[in-house]
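Reader: I am new to this structure and would like to understand the terms used to describe it. Could you take me through them with care?

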Amino acid sequence: MNTTEVETMVRSVIVHLGLPFSVLSVVGSPAGWNIRVRASTGGTVAFTVVGGRPLSMRTAIQEKLEDAF
């Protein structure tokens with residue numbers, strides 16, 4: 001997957017769940033995808049998701065966002 005695809009996946013999880021986040025950045029690294037989102041409160045949430053199959057990545061993104069909510 002590339003940066004645009006991961007960013008689109010993060011946005012789709014946010015919209016699907018109706019979460020109060022907006023994507024700030026998605027950056028690939030050897031450790032995985034570093035994702036930063038802004039909460040409606042103005043704070044930021046950062047987490048890393050290991051690359052792999054799209055379904056497992058989407059599940060990991062959803063879990064991280066739900067935990068931050």
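Author: What follows is a set of questions about the terms applied to this predicted model, each answered from its values.

Reader: What makes up the secondary structure of the chain?

Author: The chain contains two helices and three strands, and, read from the N terminus, these elements follow one another in the order α-β-β-β-α.

Reader: How do you know that the radius of gyration of the chain agrees with that of a compact globule?

Author: For 69 residues the rule for a compact globule gives a radius of gyration near 11 Å, and because the chain has 11 Å, the value agrees with the rule. The box filled by the C-alpha atoms, taken along the principal axes, is roughly 30 × 20 × 20 Å. Buried residues account for 29% of the 69 residues, and of the contacts between residues at least 6 apart in sequence, 34% join residues at least 24 apart.

Reader: What makes Phe-21 count as buried?

Author: The cut-off for buried is under 20% relative accessible area, and Phe-21 counts as buried because its relative accessibility is 10%. Phe-21 belongs to strand β1, and, leaving aside residues up to four places away in sequence, Phe-21 touches Ile-14, Val-37, Arg-38, Ala-39, Val-45, Leu-65, Ala-68 and Phe-69. The C-alpha atoms of Phe-21 and Arg-36 are separated by 9.7 Å, with the two residues 15 apart along the chain.

Reader: How do you know that β1 and β2 pair, and in which sense do they do so?

Author: Two strands are taken to pair if there are at least two bridges between them, and β1 and β2 have eight bridges, in the antiparallel sense. Ser-29 stands opposite Gly-32 in β2, and Val-27 has Asn-34 of β2 as its bridge partner. The two strands form a hairpin, with two residues between them.

Reader: Why are β1 and β3 called edge strands?

Author: The open sheet has three strands in the order β1-β2-β3, with antiparallel pairing. The strands β1 and β3 each pair on one side only, and these are the edge strands. On average, neighbouring strands of this sheet are turned by 20° against each other, with direction ignored.

Reader: How do you know that the span of α2 is close to the expected one?

Author: Helix α2, residues 54-68, has 15 residues and reaches 21 Å from its first C-alpha to its last, which is close to the 21 Å expected at 1.5 Å a residue.

Reader: Which residues of α2 are buried, and why are they said to lie on the same side?

Author: The buried residues of α2 are Met-57, Ile-61 and Leu-65. They cover an arc of only 65° around the axis, and therefore they lie on the same side of α2. Leu-55 and Asp-67, on the other side of α2, are exposed, a word that calls for over 50% relative accessible area.

Definitions and conventions: Residues are numbered from 1 along each chain as its sequence is written. This is a predicted model: local features need pLDDT of at least 70, side-chain atom pairs count only at pLDDT 80 or more; totals for chains, interfaces and linings use all residues. Side-chain values use heavy atoms; hydrogens and water are left out. Helices (H or I, at least four residues) and strands (E, at least two) are DSSP runs, numbered from the N terminus. The expected span of a helix is 1.5 Å times one less than its number of residues. Buried means under 20% relative accessible area, exposed over 50%, partly exposed in between (1.4 Å probe, protein chains only). The arc is that of the directions from the helix axis to the C-beta atoms. Axes are lines fitted to C-alpha atoms, for helices over the stretch in contact, and angles run from 0 to 180 degrees between N-to-C directions. The radius of gyration is taken over C-alpha atoms; the globule rule is 2.2 Å times the number of residues to the power 0.38. Contact means heavy atoms within 4.5 Å.
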